[in-house]
Amino acid sequence: MSAVDRMIQAIIERGADEALADGSAAIEAHHLLLAIAAHPEGGARQVLTSAGLDRRSIRAALDREFEHSLAAAGVSSAAFGLPRPSRGPDRPGQLGASARLALERGFATAARKKDLRPAHLLLGILQAQAGTVPRALALAGVDRDGLTTRVRAALTGEDRAS
Amino acid sequence: MSVENPVPPDPADALAAVAALRRLADQIEDAAVEQAMRTGWSWPQVAEALGVTRQAVHKKHAKRLIAAGVELRRR
């Protein structure tokens, strides 16, 4: 397995952990975002951190988006007082539609597959115009276009350094 | 005719509400099925209450509940 394949697999597996913790049947784009925020290699995590986005603040932004979207239908997640369900024993292995799209877009931002880095995958996630991630980032006051520019700049810097 | 005439929501908010409600429904289903099975409901009873087949509810929840140590009634 190549280094690029290992990197992609590591991010998808971490995304699967996030999906399991979420009680989600599939890995979605926001799980990949959380995974990239925790991924130690490459500049993607540093760019997120410089924008005030670490794993915890992204999780908080996602929770806020969930409540905000429910509120549009007059619903609150706290209104139903059931105990938290137990989590399943296995991580979901399936990529949801938003994660597939994010990965496709991310792959398309790299010239060659062997050049692919976490920041390319982050670009793929940031390209979504609708859905959970752009809404969560907007609610958190993150300038998505500015963030995208910084990710591209970080990639250019990494190219020069390599 | 309704007395109130609310401003229709932005389509983005309405679509996001649908996605969030589906997620919340899944979370409530996980919690409610677990609670029912812990208090001795059977698979056919839970399936009938949810309006789905016994096979569907079993496939979706059995592994998780077994891993959580819930004692499951066969019938």
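Two residues are in contact when they have heavy atoms within 4.5 Å of each other. Beyond its neighbours within four places in sequence, Ile36(A) has such contacts with Ile11(A), Ala44(A), Arg45(A), Leu48(A), Pro118(A), Leu121(A), Leu122(A) and Ile125(A).

## Basis of the model

The model is predicted: local features need pLDDT of at least 70 and side-chain atom pairs count only at pLDDT 80 or more, while totals for chains, interfaces and linings use all residues. Residues are numbered from 1 along each chain as its sequence is written, chains are lettered from A in the order in which they are written, and side-chain values use heavy atoms, without hydrogens and water.

## Nonpolar cores

A nonpolar core is a set of buried Ala, Val, Leu, Ile, Met, Phe, Trp, Tyr and Cys residues joined through side-chain atoms within 4.5 Å; buried means under 20% relative accessible area (1.4 Å probe, protein chains only). The largest one has 41 residues, and Ile36(A), Leu48(A) and Leu122(A) have the most contacts inside it.

## The interface

Chain A contributes 21 residues to the contact with chain B, and chain B contributes 20 residues. Together the chains bury about 1,700 Å², where buried area is the accessible area (1.4 Å probe) lost by two parts on being put together, summed over both. Of this area, 65% lies on carbon and sulfur atoms. Phe66(A), Leu82(A) and Ser86(A) supply 29% of the area that chain A buries against chain B.

There are 3 salt bridges across the interface, each a side-chain nitrogen of Lys or Arg within 4 Å of a carboxyl oxygen of Asp or Glu. Asp13(B) and Arg135(A) form a salt bridge through their side chains, at 3.1 Å from N to O.

Definitions and conventions
Buried < 20%, exposed > 50% of the residue type's maximum accessible area, 1.4 Å probe, protein only.
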